[in-house]
Amino acid sequence: MLGICRGRRKFLAASLTVLFVPAITWIYLFAGSFEDGKPVSLSPLESQPHSPRYTASSQRERESLEVRMREVEEENRVLRKQLSLAQSRSPSHHRGNHSKTYSMEEGTGDSESLRAGIVAGNSSECGQQPAVEKCETIHVAIVCAGYNASRDVVTLVKSVLFHRRNPLHFHLIADAIAKQILATLFQTWMVPAVRIDFYDADELKSEVSWIPNKHYSGIYGLMKLVLTKTLPSNLERVIVLDTDITFATDIAELWAVFHKFKGQQVLGLVENQSDWYLGNLWKNHRPWPALGRGYNTGVILLLLDKLRKMKWEQMWRLTAERELMSMLSTSLADQDIFNAVIKQNPFLVYQLPCFWNVQLSDHTRSEQCYRDVSDLKVIHWNSPKKLRVKNKHVEFFRNLYLTFLEYDGNLLRRELFGCPSEADVNSENLQKQLSELDEDDLCYEFRRERFTVHRTHLYFLHYEYEPASDNTDVTLVAQLSMDRLQMLEAICKHWEGPISLALYLSDAEAQQFLRYAQGSEVLISRHNVGYHIVYKEGQFYPVNLLRNVAMKHISTPYMFLSDIDFLPMYGLYEYLRKSVIQLDLANTKKALIVPAFETLRYRLSFPKSKAELLSMLDMGTLFTFRYHVWTKGHAPTNFAKWRTATTPYRVEWEADFEPYVVVRKDCPEYDRRFVGFGWNKVAHIMELDAQEYEFTVLPNAYMIHMPHAPSFDITKFRSNKQYRICLKTLKEEFQQDMSRHYGFAALKYLTAENNS
């Protein structure tokens, strides 16, 4: 509707201009032809040199009036042409397609028009540019490699999803790390009308590895050069973006600019806004050849079909080989080679207005790209300093970036009305499972949580660990929320081995955690800790889902299933590795129990040996875990026997037993029906017993629970009767499932529960 109104206003303005400008012009000329009430002839035949009225000044005035008259006539001719075009387009464009299209901003193709476009700002000219169809798929290609880039690209994707009105197809050229992270993220994000395809970046290395590159992006910074070979042969056009881009408008507006390409234009680029290619940044600065200021490749429009016909692959390779003979290496990765090709073939480029790539590196001309915030379309943090870059309006840009950084990604799971989404098996199965639940059931919310798909970002921070070659390595597994963050440093000091943690956080909390971790000398120095963010959704703490996420992403053959509130004894990591061999855990179904203790003191002199711990037990500084509120949970450990034990000993399962154990990585997962407080570990130990695991207590191992404020979930359990009723119902249903699955052997769990 807005596009129609603008079109009608433009049509009316053009009509009035054509009618009134000639009239006003001739009145002006006619009035100017009188002097002292007498007409002055404009004809050169009637103006004689001997006339007393003839002077040099009047001659100049007459000539200037004639020039102005010709200019006005030319303007009228152009206006009549525009009016006729508008009349011919109006019926079909506005009446026929207004429900399916929307207007896009007018781009520019040459430097003179570009300057006019910058002055014009962010105006929309709907009658002059083909619109993007409502359900037309927009294709976006991004090269993404490593842990940091996988985290950065999420902010870019959020900004695109926030503004978009079209289906999107992301083509991600990713290494193995980025693929694992982003495949899980998008699979659990479940955004409608978004398709993701991955292309193995490691397979492309041989295509560009021969090019020496000094840029911090490394070999992956050259991979945009091979997109014509990498992307599907039937893909005609694509928008290529760097990971440090933030969109402030609908990406469909940029997609529409493809319609403005003419002739042999196959690359849409914004002029580089720094002086890099001018070669005057420092003495002996010698950049790669470029056309004028050169072009920035943070945002590229590629006409893939035409590039292939032009033999782009051969074109850039020959150029790179020739320039490398004198330049020796690239400084700005693919950007240097793109510019060298353009220098030789300027006809390839369609120059985009610079608001499509406002480059926020130091000493750029980015401020000339906008007059107001409404002019901004794409912000490019292309300085290694990123958010710390110097710019007059950097606070505004930083706040815009942080808005998407901390924006709740769950809110972007909105449908595109009128655009059918591709069938998603996972989504269909989820809807089917949810439809089978009874919404009138008082425990509906508990049951629903079991099927909730939580957006998950694996390896939120850099992770680098190679398990020990002797196949004895053990990973500590735990889960936590924001209120337990302070335990991380202490655990890292007590456990030197690999750790897998699932953190239940909101988008904003994830950024707080990132700042906390990057500011901690202890955490930032540990690369063998995998942090997996599970984003908040729903009213329950999905404790067993978190445990499963942490368990699933370990690289060692064994895992120590702990909780974040416990500090393992010093040296436990090495002790467990020795126990794994001693007890032949590789070939037997054993669960090695680490006895649990607790203290009520926030400041504790941690015992450095079993003898010291026993002394603290005797003095009342330490207690067996939950002896005063939940004795049954750890009583089968047989602490009396443990005091004098020098060798591992076996214990039998009992009702409500929930020890902390070391098991092989192939052990069963935790049952997701148990959320919040209650029975989440008990059910898991019961299943281990049903699968005939042997429980063995380690005689020289221990862990100590540190005091903390009660969790929100235990408060709900204690204060909410319905919560306790639902937990009991879920317990009974779990036991019935165990009986069906494990048969007669599982009947003991029902008997034990009735007797407890």
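Analyst: A helix here is a DSSP run of H or I with at least four residues, and such elements are numbered from the N terminus. Please keep in mind that this is a predicted model.

User: Which element gives the most residues to the lining of the largest cavity?

Analyst: The largest cavity holds about 90 Å³ of space, and among the residues that line it are Arg151, Val154, Thr155 and Lys158. Two elements give two or more residues to this lining, namely α4 (146-163) and α16 (507-518). With four residues, the element that gives the most is α4.

User: How do the residues of that lining divide into nonpolar, polar and charged?

Analyst: The lining includes Leu405, His457, Phe460, Asp507, Gln511 and Tyr535. For the sorting, Leu, Phe and Tyr count as nonpolar, whereas Asp counts as charged. Over the whole lining of the largest cavity, the division is four nonpolar, three polar and three charged.

User: Turning to the rings, why is the pair of Phe446 and Tyr723 given the class it has, and what is that class?

Analyst: The structure holds 31 aromatic pairs. In the pair of Phe446 and Tyr723, the ring centres are 5.2 Å apart and the planes stand at 80 degrees. Since planes over 60 degrees apart count as edge-to-face, the class of the pair formed by Phe446 and Tyr723 is edge-to-face.

User: How many residues apart in sequence are the parts that this pair of Phe446 and Tyr723 ties together?

Analyst: Phe446 belongs to helix α14 (residues 444-449), while Tyr723 belongs to helix α24 (residues 721-742). Both Phe446 and Tyr723 are buried.

User: Is Phe566 buried or exposed?

Analyst: Phe566 forms a tilted aromatic pair with Tyr660, at 4.7 Å centre to centre and with 55 degrees between the planes. Phe566 lies in strand β20 (residues 566-568) and Tyr660 in strand β25 (residues 660-664). Buried means under 20% relative accessible area, and with a value of 2%, Phe566 is buried.

User: Which residue has its charged end over the ring of Tyr670?

Analyst: A charge can sit over a ring if NZ of Lys or CZ of Arg is within 6 Å of the ring centre and within 35 degrees of the ring normal. Over the ring of Tyr670, at 5.1 Å from its centre, sits the charged end of Arg547.

Note on methods. Residues are numbered from 1 along each chain as its sequence is written. This is a predicted model: local features need pLDDT of at least 70, side-chain atom pairs count only at pLDDT 80 or more; totals for chains, interfaces and linings use all residues. Side-chain values use heavy atoms; hydrogens and water are left out. Rings of Phe, Tyr and Trp (its six-membered ring) pair if their centres lie within 6.5 Å; planes under 30 degrees apart count as stacked, over 60 as edge-to-face and the rest as tilted. Buried means under 20% relative accessible area, exposed over 50%, partly exposed in between (1.4 Å probe, protein chains only). On a 1 Å grid over the protein atoms alone, a cavity is a set of points where a 1.4 Å probe fits but cannot get out, and a pocket is an open set with protein on both sides within 12 Å along at least five of seven lines; lining residues have an atom within 4 Å of a point. Grid points are joined across faces, edges and corners, and a volume is the space filled by probe spheres set on the points.
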